[in-house]
Amino acid sequence: MIERPILDRHRRDAKMRVLLDGAAVALPLTLGAAAIGWRLGGGALAVALLLIGAAVLAVIAWRRGRRFDQPWLVSRLDSEVPGFEDSSALLFAPADTLGGFADLQRRRIEARIDAAQPLDLRTPWSRRAIVAAWIAGVVLVLAAWLWPDPRDPVAPQPTATPAAIAGPPRLIAARLRIAPPAYTGLPVREQTSLDARVPEGSRISWSLAFAPDPAAATIAFPGSAGVPLTRSGNRWTAAHAAARPALYRIEAPGLPRQRLHRIETIADTPPTVRAITPPEQLATVTPGQRRWTPVFEASDDYGVAAGAVLRITVTAGEGENITFTQRTTTLAGSGPARRRRFAATLDLAREGLAPGGDLIAQLIVTDNRSPAPQRVEGPSVILRWPADLALADGLDGMAQPVMPAYFRSQRQIIIDAEALIRDRAQLGADAFATRSNALGEDQAILRLRYGQFVGEEAEGGGSTGGIALPTNDAPALPTNDSPALPTNDAPAPAAQDRQDPTLGDGHSADDGHDHTAPGAAFDAARSFGHVHDDSDASTLFAPGTRTTLAQALDAMWSSERELRQGDPRAALPHANRALAFLKEAQQATRIFLPRVGAALPPIDLTRRLSGDREGIVARRLPQADRPDPETILADSWRALADTPGKRPPLQLGALDRWVRANGGKLADPLALRAAIDTLRGEPGCGECRAQLRALLWRAIEPPVAAIKRRATPRAIGRRYLEALR
C-alpha cells in the first residue's frame with residue numbers, strides 16, 4: 001500500500017490556497033458594499049449585502065476548487081517529479097488490476113515517492129488583485145462613514161459666517177416617516193418625497209431642514225388648521241394623523257411659496273365572505289345524511305379576526321305555521337390572517353332539522369381594524385330537507401299524493417304509444433299490457449275532460465277502470481290541444497319533458513305568466529248553469545266546432561279501446577286522427593286580420609293649387625332636455641385655451657369654491673385643487689395651465705345626446721327653400 005496522504009496533502013494545500021486567495025480579494029469589497037448599504041438603508045440592508053457577498057464568494061470558490069481533482073494531481077506530479085517517469089497514475093490504480101510490466105513500474109515509483117514530499121503545488125497569491133481590492137474596500141468604508149446619512153435630513157454643516165447664511169430661508173432637506181396603524185402589520189417606512197400614499201389612520205412625521213433657519217415654520221393644510229413645526233437644533237419636526245386625503249404645503253416667513261403636496265389615504269376595506277362548501281346556496285339532504293359541514297372563506301386586506309360567529313337558524317312547519325329557532329356559535333379560523341377558513345360540523349338531529357324544514361348557516365366575521373373593527377355578515381347557505389324525502393319504516397303505504405290530477409295531452413299519448421311500440425321487444429307480455437292499459441286510462445281521462453265541453457255526461461267508474469273522473473273543480477289541462485286556446489302548431493315535446501308540457505303560445509306552464517289553461521273559460525261559463533241536452537245551444541262552440549270536437553271524441557274512444565286491449569299499433573291511427581280534429585278546432589277559434597294598407601285621408605280638392613300650406617308643414621320635434629355643463633368648468637376650460645380670440649376671464653377663486661363644494665362629483669378633486677393652487681401661485685406657468693385644462697376636461701360632464709335645432713337660414717336661403725317648395 002502506498003502512502004497516498006503525502007500526495008493528497010499537495011492537492012488539499014492547492015485548493016486551500018485558491019480559496020484563501022479568492023476570500024482575500026472578495027472580503028474587502030463585500031465589507032465596503034455592506035458599509036454603503038448600512039449608510040443607505042440601515043443594518044438590514046448591510047446584513048443582506050453581507051449574506052449576498054458570502055453566497056457569491058462560496059459559489060466562486062466552489063467553481064475554482066472543482067479543478068483540483070485526481071487527474072490534476074497526476075498531471076502535476078508527472079510534470080514536477082521526473083522520477084515518476086510519467087507514470088503517476090499507477091499510484092492511484094487498484095493493485096489487483098495491474099500485472100506484468102505495470103505492476104513492476106508501480107513498485108519502482110513507490111520507491112521514489114519521497115521525491116514528491118518537498119513539492120509545492122499551490123498557485124501563487126494574487127498580490128495585485130488583493131492590494132487593489134483592499135484599497136477599494138477601505139475607500140468604500142471611508143465614503144460610507146463620511147457621507148451624510150440620508151435618513152437625517154440635516155447634513156453636518158461647517159461653521160459659516162453671518163454673511164454666508166444671510167437671505168431668505170430655503171428648504172434644503174426633507175424626510176417623511178410613515179407609521180401605519182399597528183393592526184395593518186405594515187412596517188414603518190421613510191421617504192424623501194413629500195407626496196405620500198398611506199393607509200388610513202397612519203401617523204406621518206416630518207423632519208425638515210432650512211438654510212438659514214426661519215423664525216417659525218408650519219405644515220399648512222388649506223381649509224383646515226395647520227400643524228406647527230418644532231425646532232430641535234437644526235431640525236424642524238411635526239406629526240399628523242392622516243385620517244382623510246389632504247393637501248398641504250410648508251410655510252415659513254420669507255420661504256418662497258411651495259406647491260401643494262398630496263397625502264392620499266387608502267381606506268380599509270371591509271372583509272369579504274364566500275361559501276366554499278356547499279358550492280351552491282341551496283343544498284338538499286341526501287338519504288342517510290346525519291351531519292352537514294358548511295365551509296366559509298373570509299379575506300381582508302389587512303387580516304381577519306381569528307374568531308368568527310356562525311349563526312344557525314332552523315325552520316319547521318309549512319305555510320303560515322312556520323316557526324324557527326336561532327342560535328350562534330363561535331368558530332376558530334385556520335390559515336393566514338388575510339385569508340382564513342371557517343368550518344363547522346352540524347349534527348342534523350341535534351339541531352332539530354326535520355322533514356320539511358331548512359337549516360340556514362351564516363358566518364359573521366370582523367377584521368382587525370382598531371379601534372372600530374368592521375363587521376360583515378356573509379352569505380347564507382341553506383340545507384333543505386324535503387317533506388317527502390324519507391319516511392319512517394312502515395309508513396310507506398300511508399303516503400298519499402297531494403298534487404292535483406295530471407291530465408295527459410293527446411300529443412303526449414301519441415309519443416308514449418310510439419315509444420311503447422319501439423320497446424315491445426324488450427318488455428314482457430304482462431309489462432307491455434300494463435303500460436298499454438295505463439295509456440288507455442290516460443286517453444279515457446282526456447276524452448271525458450273534453451267531453452264535458454260538448455254536453456256529454458260524466459261516465460261511471462266502470463268505463464275508466466275505477467279512475468275518479470274529473471269534475472268542474474278539477475285542475476285545468478296542461479295541454480296545447482284544447483280548442484279554447486288560439487295557439488300555433490308547436491313541435492311535439494320530447495318524451496322526457498312529459499311532466500312539463502309547453503303551452504301553445506311558447507311559454508312554459510311555470511314561467512310566471514298567467515296562462516289560461518284549456519277548459520278554464522268553459523268551466524267559468526258552465527258555473528252559471530249546466531244543460532243536460534244534446535242541442536248545440538248547450539255549448540259555447542259554434543255548430544261546426546262542436547261537430548269537430550265530437551269527431552275528436554269518437555277517435556279518442558277508438559284509441560282508448562285499442563290501448564286497453566293491448567294493441568297500441570292499432571290505436572295510433574285513431575289517436576292521430578283525434579289530434580288532427582283538435583288542431584282543426586283550434587284553427588276555428590283564431591282571429592285573422594286583413595292585410596290592407598294604411599287608410600289615407602281623402603284629398604281636399606278645394607285647396608288644390610291654392611298655395612295654402614296651413615297644416616301641411618311638418619311639425620317640429622320637441623327639444624330634449626339638455627342639461628348644460630357646469631358654467632364655471634366650461635368657462636375656465638375655454639379661458640385656459642391657447643388659441644387666439646376672445647375668451648372668458650379665468651376665475652380661479654370661483655373655480656376653487658366649486659371644486660370644494662362638488663368634490664363628490666369628481667374622480668380626483670385633490671388633483672384639481674392642487675392644479676388650481678399651483679396656477680394661482682405661478683400665473684405664467686404654461687405647463688400648469690395645460691395640466692389644469694386637462695383636468696377640467698375630464699371633470700366636465702358631457703351633455704346627453706339630443707337633436708340639434710337647424711340654424712335659421714338667411715334671406716337668400718329662405719327664398720331658395722320657398723322656391724323648392
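**View 1. The side chain of Gln 374 reaches the backbone oxygen of Asp 268 at 3.1 Å.** That makes a polar contact, a pair of N or O atoms within 3.5 Å, where within protein one must be able to donate a hydrogen and the other to accept it, and residues adjacent in sequence count only if both atoms are side-chain atoms. You're looking at a predicted model, where local features need pLDDT of at least 70, side-chain atom pairs count only at pLDDT 80 or more, and totals for chains, interfaces and linings use all residues. Residues are numbered from 1 along each chain as its sequence is written, and side-chain values use heavy atoms, with hydrogens and water left out.

View 2. Strands (E, at least two residues) and helices (H or I, at least four) are DSSP runs, numbered from the N terminus. Is Gln 374 buried or exposed? Gln 374 is buried, because its relative accessible area is 14% and the cut-off for buried is under 20% (exposed is over 50%, partly exposed in between, with a 1.4 Å probe and protein chains only). Leaving out residues up to four places away in sequence, Gln 374 touches Asp 268, Thr 269, Pro 270, Pro 271, Val 365, Thr 366, Asp 367 and Arg 369. Touching here is a contact, meaning heavy atoms within 4.5 Å.

**View 3. Arg 175 sits in strand 1 (residues 170-179).** Arg 175 counts as buried because its relative accessible area is 13%. Which side chain does the side chain of Arg 175 make a polar contact with? The partner is the side chain of Glu 190, at 2.9 Å.

**View 4. Now for the largest cavity, with about 30 Å³ of space.** A cavity is a set of points on a 1 Å grid over the protein atoms alone where a 1.4 Å probe fits but cannot get out; lining residues have an atom within 4 Å of a point. The lining is made of Val 18, Leu 19, Gly 22, Leu 57, Ile 60, Ala 61 and Arg 64. Helix 1 (4-41) and helix 2 (43-65) are the elements that give two or more residues to this lining, and helix 2 gives the most, with 4 residues.

**View 5. Zooming out, the protein has 16 helices and 20 strands.** Of its 725 residues, 36% are buried. Among contacts with a separation of 6 or more, 66% join residues 24 or more positions apart.

Note on methods: 1 Å grid on protein atoms, 1.4 Å probe; cavity = no way out; pocket = protein on both sides within 12 Å on 5 of 7 lines; lining within 4 Å. Points joined across faces, edges and corners; volume = space filled by probe spheres on them.
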